[in-house]
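Q: I have a structure open and I am new to it. Can you walk me through reading it?

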Amino acid sequence: MYTILLRHNTSMLQQVALLMDTIHSKQVPEELALYKGWLIRTLESMQSVIQNNLKAINKKNSNLYKDILSDTELVFHNLGLVNSLYVPPIHRSISSDIISLKLLHWLHNSNSKTINIPFAIADGSFGVYLNQRTLYYLPIVEQKGLLFLALFFHEFGHVLFAIHRPEMEQLIAEIQLAIEEFLRPGFAHNDEKNEDEWRNNEIIVTTWYRWALELYCDAVGLVIGGPAYLLAFSNYFQMGGRNEFFNNKEELAGSTHPVTSIRLKFLLSRARQLGYNEISNQVEEEWNLLKTSYNVNEEYFGYYIEEYFEVIEGVISDMITQSFPIEYNNSSCSPAVLINQAWQKFYENPAGYPDAEKNLVHNFLNSSFQLSSILS
Amino acid sequence: MDAKWFSLQSMKLNHSIIGAINTVCIHLKLMKANDQPLKSEDEIKEAIRTIKIWLTELDKFLIAYEQNTFQAITGVNPRIQQFIKRFSSAKRKNEFRSKIFHDRPVELTLLLSEDDPKYSDDLINSLADLRTLLEEHNQSDFKNLLPDL
């Protein structure tokens with residue numbers, strides 16, 4: 001065991017040094033400086049853990065080997081994550097990221113609790129990984145344009161959730177308990193059928209932890225991004241087929257996101273409350289046409305019924321109040337306004353949009369003095 | 001956002017607890033061998049504090065779950081919920097022999113407060129068994145994030 005532990009810790013120390021060199025040698029835009037600094041500190045702390053492991057190994061006390069093995073595995077896992085998830089955003093850093101980085105910089109600066117959270121962009125389908133830092137995933141095509149950057153506002157909701165986790169989880173519990181109450185059998189009969197029903201209800205209530213989180217993030221997206229978020233959301237999912245309206249019971253169990261049609265109900269309701277009536281009507285009409293075309297029956301097997309709506313919407317509003325995301329204001333100059341302008345141009349003339357977008361990006365990057373004033 | 005996010009959150013929590021368990025176990029074993037400690041007193045205290053907080057949380061969720069195993073544990077990340085179920089099942093099936101699987105987890109916090117070496121074997125065995133379950137959980141998070149070749 002001594003030899004195995006010594007070999008792995010020595011090798012990992014060399015790998016950490018290699019990653020350090022890679023990161024130090026990479027020039028990054030100022031928006032990534034915080035992330036780069038965090039990554040270097042993480043690797044330094046890993047070095048110190050490995051050195052501590054080596055000291056323990058050199059005591060040659062076989063009673064300690066299980067504990068040192070466990071510590072070595074922890075470093076191995078961390079190194080795997082750093083190598084595969086956290087270093088690539090620095091390694092891949094490209095100049096065309098600048099719009100996305102400025103948008104994320106603005107978002108993180110909009111809240112005193114996110115201002116010091118390091119962030120970076122990675123290639124992949126939309127998503128966010130967060131811990132003490134945030135990795136925003138974005139597909140290649142969407143990285144190159146403005147329209148779907150609005151979906152970052154949803155991902156930022158996950159960051160706000162993580163910051164306010166204890167209060168947020170209490171609120172989510174309210175939704176879960178209300179749904180549990182709706183689902184509770186009218187009378188308990190002591191048989192297998194009753195047990196199956198309880199099990200099924202447990203799965204539904206557990207699934208709602210994730211669903212409530214996603215509905216909250218949609219609400220955050222709408223609050224920050226205004227109409228652009230609704231349009232980005234709708235266009236992103238619109239060609240997804242029948243599954244955007246219907247999933248079978250097995251797919252719903254433990255799923256990470258509500259069916260899109262459920263998400264849309266909540267989004268449209270909130271959009272109307274925010275005064276985006278015209279655009280909401282337009283989006284709803286389009287989705288109704290698709291639903292008719294698919295001839296789909298919206299059945300959610302107890303995972304969603306209309307009776308849930310009021311309580312869920314109320315709690316989501318409380319979650320928004322708790323986390324206070326920056327509100328969309330079309331009279332200000334912000335990346336959110338820029339993305340709304342982009343959607344307006346796209347809807348006015350889809351064929352001519354690429355040229356219009358180039359102008360919008362050019363003007364945005366040349367108005368850095370305005371951006372600086374927003375950020376300060 | 002997908003299940004990987006929950007795995008990452010779960011790994012972060014598990015790493016801090018496993019790391020703390022390792023720190024305490026190594027410290028207790030070195031003390032038994034009359035050897036010099038590897039970590040500072042503050043680091044040991046912090047490790048004990050981390051374990052105590054986790055055991056108190058675990059105890060709370062476990063009570064809620066064992067009162068009615070058909071009911072969901074509300075307001076809890078699904079990965080934590082899975083760990084609670086796994087812990088409860090290991091207890092029910094007598095998979096481990098140490099104190100933590102026969103008393104309530106919170107009882108272990110009392111042992112963590114004891115300086116008396118006569119309790120150290122109980123403590124080391126309980127922490128090692130708890131670590132086995134946490135490592136099992138951690139492995140599956142890791143595989144979810146970085147699948148095998």
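The dialogue below takes one feature at a time.

Q: What should I know before I start?
A: This is a predicted model: local features need pLDDT of at least 70, side-chain atom pairs count only at pLDDT 80 or more, and totals for chains, interfaces and linings use all residues. Residues are numbered from 1 along each chain as its sequence is written, while chains are lettered from A and ligands numbered from 1 in the order in which they are written.

Q: Which domains does the assignment give for chain A?
A: Domain bounds come from an automatic or database domain assignment. For chain A it gives domain 1 (2-92) and domain 2 (150-328). Taken over C-alpha atoms, the centres of domain 1 of chain A and domain 2 of chain A are 40 Å apart.

Q: How many helices and strands does chain B have?
A: Helices (H or I, at least four residues) and strands (E, at least two) are DSSP runs, numbered from the N terminus. Chain B has 5 helices and 0 strands. Along the sequence, the pattern of chain B reads α-α-α-α-α.

Q: How many residues of chain B are in contact with chain A?
A: Two residues are in contact if their C-beta atoms, placed from the backbone, lie within 7 Å. Here 32 residues of chain B are in contact with 37 residues of chain A. On the side of chain B that touches chain A, helix H1 (3-32), helix H3 (78-92) and helix H5 (120-145) of chain B each give two or more residues. H1(B) gives the largest share, 13 residues.

Q: Which residue classes make up that side of chain B?
A: Ala, Val, Leu, Ile, Met, Phe, Trp, Tyr, Cys and Pro count as nonpolar, Asp, Glu, Lys and Arg as charged, and the others, Gly among them, as polar. The side of chain B that touches chain A has 18 nonpolar, 7 polar and 7 charged residues.

Q: How are two packed helices described?
A: By the angle between their axes and the distance between the axes. Axes are lines fitted to C-alpha atoms, for helices over the stretch in contact, and angles run from 0 to 180 degrees between N-to-C directions. Angles under 35 degrees count as roughly parallel, over 145 as roughly antiparallel, 65 to 115 as roughly perpendicular and the rest as oblique.

Q: At what angle do H8(A) and H14(A) pack?
A: Helix H8 (residues 165-183) of chain A and helix H14 (residues 309-323) of chain A pack at about 175 degrees, with axes 10 Å apart. That makes H8(A) roughly antiparallel to H14(A). Their contact has 8 nonpolar, 1 polar and 3 charged residues.

Q: At what angle do the axes of H10(A) and H15(A) cross?
A: The axes of helix H10 (residues 227-237) and helix H15 (residues 335-348), both of chain A, cross at roughly 55 degrees and come within 8 Å. That makes H10(A) oblique to H15(A). A:Pro227, A:Ala228 and A:Leu231 of H10(A) make the contact with A:Ala336, A:Ile339, A:Asn340 and A:Trp343 of H15(A).

Q: What about H15(A) and H16(A)?
A: H15(A) packs with helix H16 (residues 353-366) of chain A at about 160 degrees, with axes 9 Å apart. H15(A) is therefore roughly antiparallel to H16(A).
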